[in-house]
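Have a look at the model below before reading on.

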Amino acid sequence: MAAGAAGGMGAHSGGGGAKPATPMAKLLVGVALTYIGIMVLLPFFNVFVQAFAGGLGGFLEHFMDPDFLHAVKLTLMLAAVSVPINTLFGVVAAINITRNEFPGKVFLLSLLDLPFSISPVVTGLMLTLLYGRNGWFGPFLNQIGFNVVFAFTGMALATMFVTLPFVVRELIPILEQMDLSQEEAARTLGANDFQVFWNVTLPNIRWGLLYGVILTNARAMGEFGAVSVISGNIMGKTQTLTLFVESAYKEYNTEAAFAAALLLSLLALATLWIKDKVEQMAAAESRK
């Protein structure tokens, strides 16, 4: 049961290994660390430097900007909508896919990976062509006075699309490895479907579910391409933090751009820290 609980997390946890002993092995490690430093750490450090280039007072001043605050609010709202919906969808879809055999199952699994394959910009364009003024559903939406394009609704649809696969793809391997005898025993004792899920299935998938939720939230807050196309990037109305960074930088307001980028970076660090803790707890439980 412990193995089922940790399930798919093993693929994310760091394993033990021997220290590089040969000169070639040490050279490869050095090259890898140098590459990571140049491509990841140096740009990340530069964000901190540039954000505080005008001093702490100048940095904090940007947090009082109404457009900046609205971008933060909109980013959190999009995450608050997309994460619960895709978490619920992911759990239901993963359980039904792994517990049933039906025609088109392989095709459905391929469809779940579609958001990984399609460019986010193309995603935004597809939604615009569907729900825009001249789109398939545009005339009907205009008649009832409901806006999707250049509105929060369209941004939420775009965010839900790009974050759709994370939970379901994290849970499917765990559920496939899970021993079904526990669920069958619970049903034999008179438990209904919800009781089986809550008392048997959920404890076995909780680490994978939490990991999927973390990834979904990180992707939702960092989305740019799809949201940029369908939102119109209207400052103070349809601008998320990522869009605020682009707009502020293009307007040569670099300190505001780096302040927003710093906030996104801190959110990324928090996500990595939580992800690491989840992996450690899952690994610890799997060893019991």
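Asn233 sits in the loop between α13 and α14, and despite not being a glycine it has a positive phi of about 55°. Most residues other than glycine have a negative phi. Phe150 is another such case, with phi near 60°, in the loop between α8 (138-143) and α9. Then there is Tyr252, which follows α14 and has a positive phi near 65°.

A word on the ground rules: this is a predicted model, where local features need pLDDT of at least 70 and side-chain atom pairs count only at pLDDT 80 or more, while totals for chains, interfaces and linings use all residues. Residues are numbered from 1 along each chain as its sequence is written, and side-chain values use heavy atoms, with hydrogens and water left out. Helices are DSSP runs of H or I with at least four residues, numbered from the N terminus.

On confidence, pLDDT (the predictor's score for each residue, from 0 to 100) averages 86 over the protein, and 94% of the residues score at least 70. Over residues 1-7 pLDDT stays under 50. Where pLDDT is low, the predicted coordinates should not be read in detail.

Back to the loop between α13 and α14, which also holds Thr240. Thr240 counts as buried because its relative accessibility is 5%; buried means under 20%, exposed over 50%, and partly exposed in between (1.4 Å probe, protein chains only). Its contacts (heavy atoms within 4.5 Å), leaving aside neighbours within four places in sequence, include Ala71, Leu74, Met155 and Val227.

Next comes helix α14 (residues 241-250), with 7 of its 10 residues buried. Among them are Leu241, Leu243, Phe244 and Val245. Which helices do the buried residues of α14 pack against? They are α4 (66-99), α12 (193-222), α13 (225-231) and α15 (254-286).

In helix α3 (residues 55-62), the buried residues are Gly58, Phe59 and His62. They lie on the same side of α3 because they cover an arc of only 100° around the axis, taken from the directions from the helix axis to the C-beta atoms. Leu56, Gly57 and Glu61 are exposed on the face turned away from that side. The cover over the buried residues of α3 includes α2, α4 and α15.

Now for charges. A salt bridge here is a side-chain nitrogen of Lys or Arg within 4 Å of a carboxyl oxygen of Asp or Glu, and the count comes to 8. Here are some of them.

| Salt bridge | N to O distance |
|---|---|
| Glu101 and Lys105 | 3.1 Å |
| Arg187 and Asp193 | 3.6 Å |
| Glu246 and Lys250 | 3.1 Å |

Glu101 is exposed at 69% relative accessibility, whereas Lys105 is buried at 15%. Glu246 and Lys250 are 4 residues apart in helix α14, about one turn. Shared partners also join Arg99, Glu183, Arg187 and Asp193 into one salt-bridge network.

Finally, Ile38, in helix α2 (residues 23-51), is exposed at 52% relative accessibility. Ile38 belongs to a nonpolar surface patch that also includes Val29, Leu33 and Tyr35, with about 800 Å² of accessible area for the whole patch. Such a patch joins nonpolar side chains (Val, Leu, Ile, Met, Phe, Trp, Tyr) within 5 Å, from residues with over 30% relative accessible area and no salt bridge; areas come from the Shrake-Rupley method with a 1.4 Å probe.

How values were computed
Patch = residues over 30% accessible without salt bridge, like charges linked within 9 Å, V, L, I, M, F, W, Y side chains within 5 Å. Helix = DSSP H or I, 4+ residues; strand = E, 2+ residues; numbered from the N terminus.
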